[in-house]
Amino acid sequence: MIFRILEDQFAKKSLMSKAADRRFMQLALSLGRRGQGRTWPNPAVGAVVVKDGVIVGRGWTQAGGRPHAEPEALARAGEAARGATLYVTLEPCSHVGKSPPCADAIIAAGVSRVVSAIEDPNPEVAGQGHARLRAAGITVDIGLCAREAAHDHVGHFRRIRDRRPHVILKLAVSPDDKIGAAGRRPLKISREGAKARVHLLRAQCDAILVGIGTVQADDPRLTCRLPGMEARSPVRVVLDRSLRIP
């Protein structure tokens, strides 16, 4: 009977721990999305430092790709990072680029456990970051919220694996499959909710691309016009082989 009670208590505690892990990783994912469209050529990563169930630091990749999310979160945590758990949406880097390896910063901070959503396919990392952390005696758990992380980092993965940009096609189509009125006259199709979603999508992308036909017919601004987010407008690209743009 005593063993049964202990087993139930252990199972309950384990479930609570898994739920907490998921909650903190979801926060890290949410933080990482703040950098989407601004961190090229680096991925938009989010990180959260937790000690004794309390968030002591958080960070996300800053504009231009530096600082990375991990050192941002660790800097905010300070000494509280020692013995803490770090939740991060992508494997910490292990190579020297324009900034030191994040894995080294994690080790130096005294973090005892790292929960990483997914391995980085970049050949310069590709498991080496996790391996370096384990070699330093840090517990590393991989795979929590991996599907969500893969979705958030799809642009980085596409660039590394396929050597091309990840492209999102946006179309405004009426219920009868039309995109405009007769004679190529513009027609209002999208409602305000859809427009707001599109402008948020613009803020999360590095560039927006249209053809010269769209420019001549609609004269679009191709900017993000959500309140307070105008500066998050993507780079504007026009396909125009005959240079007809005014």
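Predicted model: local features only at pLDDT ≥ 70, side-chain atom pairs only at ≥ 80, totals over all residues.
Visitor: Where do I start with two packed helices?

Guide: Two packed helices are described by the angle between their axes and the distance between the axes. Now take a case. Look at helix H2, residues 69–77, and helix H3, residues 102–109. Their axes come within 9 Å. They cross at roughly 20 degrees.

Visitor: Are H2 and H3 roughly parallel or roughly antiparallel to each other?

Guide: Angles under 35 degrees count as roughly parallel. H2 and H3 are therefore roughly parallel to each other.

Visitor: Which hand does the crossing of H2 and H3 have?

Guide: The crossing of H2 and H3 is left-handed.

Visitor: How do the axes of H3 and H4 cross?

Guide: Helix H4 covers residues 128–135. The axes of H3 and H4 come within 9 Å and cross at roughly 20 degrees. H3 and H4 are therefore roughly parallel to each other. Check the hand too: the crossing of H3 and H4 is right-handed.

Visitor: Now salt bridges. What is the idea?

Guide: Side chains of opposite charge can pair when their charged atoms come close. Here the cut-off is a side-chain nitrogen of Lys or Arg within 4 Å of a carboxyl oxygen of Asp or Glu.

Visitor: How many salt bridges does the count come to?

Guide: The count comes to eight salt bridges. One of them joins Arg158 and Asp162, at 3.2 Å from N to O.

Visitor: Why are Arg158 and Asp162 separated by about one helical turn?

Guide: Because they are four residues apart in helix H6. Arg158 is partly exposed, at 24% relative accessibility. Asp162 is partly exposed as well, at 40%.

Visitor: What is the distance between the closest N and O atoms of Glu79 and Arg82?

Guide: They are 3.8 Å apart, and the pair forms a salt bridge. Glu79 is exposed, with a relative accessible area of 63%. Arg82 is partly exposed, at 43%.

Visitor: Is Asp240 buried or exposed?

Guide: Buried means under 20% relative accessible area. Asp240 has 14%, so it is buried. Asp240 forms a salt bridge with Arg244, and their closest N and O atoms are 3.9 Å apart. Arg244 is partly exposed, at 45% relative accessibility.

Visitor: Which residues are linked in a network of salt bridges?

Guide: Asp21, Arg113 and Asp141 are linked in this way.

Visitor: Let us turn to loops. Where does His68 lie?

Guide: His68 sits in the loop between strand E2, residues 54–60, and H2. His68 is buried, with a relative accessible area of 17%. Compare sequence with space: His68 and Ser99 are 31 residues apart in sequence, and their C-alpha atoms are 8.5 Å apart.

Visitor: Where is Ala172 found?

Guide: Ala172 is in the loop between H6 and H7. At 23% relative accessibility, Ala172 counts as partly exposed. Along the chain, Ala172 and Ala194 are 22 residues apart.

Visitor: Which residues make the nonpolar surface patch?

Guide: Leu169, Leu171, Val173 and Ile179 make it. The patch has an area of about 450 Å². Find Val173 in the loop between helix H6, residues 154–162, and helix H7, residues 192–203. Val173 is partly exposed, with a relative accessible area of 39%.

Definitions and conventions: Residues numbered from 1 in each chain as written. Heavy atoms only, no water. Patch = residues over 30% accessible without salt bridge, like charges linked within 9 Å, V, L, I, M, F, W, Y side chains within 5 Å. Areas by Shrake-Rupley, 256 points an atom, 1.4 Å probe, with all protein chains shown as cover. Helix = DSSP H or I, 4+ residues; strand = E, 2+ residues; numbered from the N terminus. Buried < 20%, exposed > 50% of the residue type's maximum accessible area, 1.4 Å probe, protein only. Axes fitted to C-alpha atoms, helices over the stretch in contact; angles between N-to-C directions. Parallel < 35°, antiparallel > 145°, perpendicular 65-115°, else oblique. Left-handed = near helix turned anticlockwise from the far one by under 90°.
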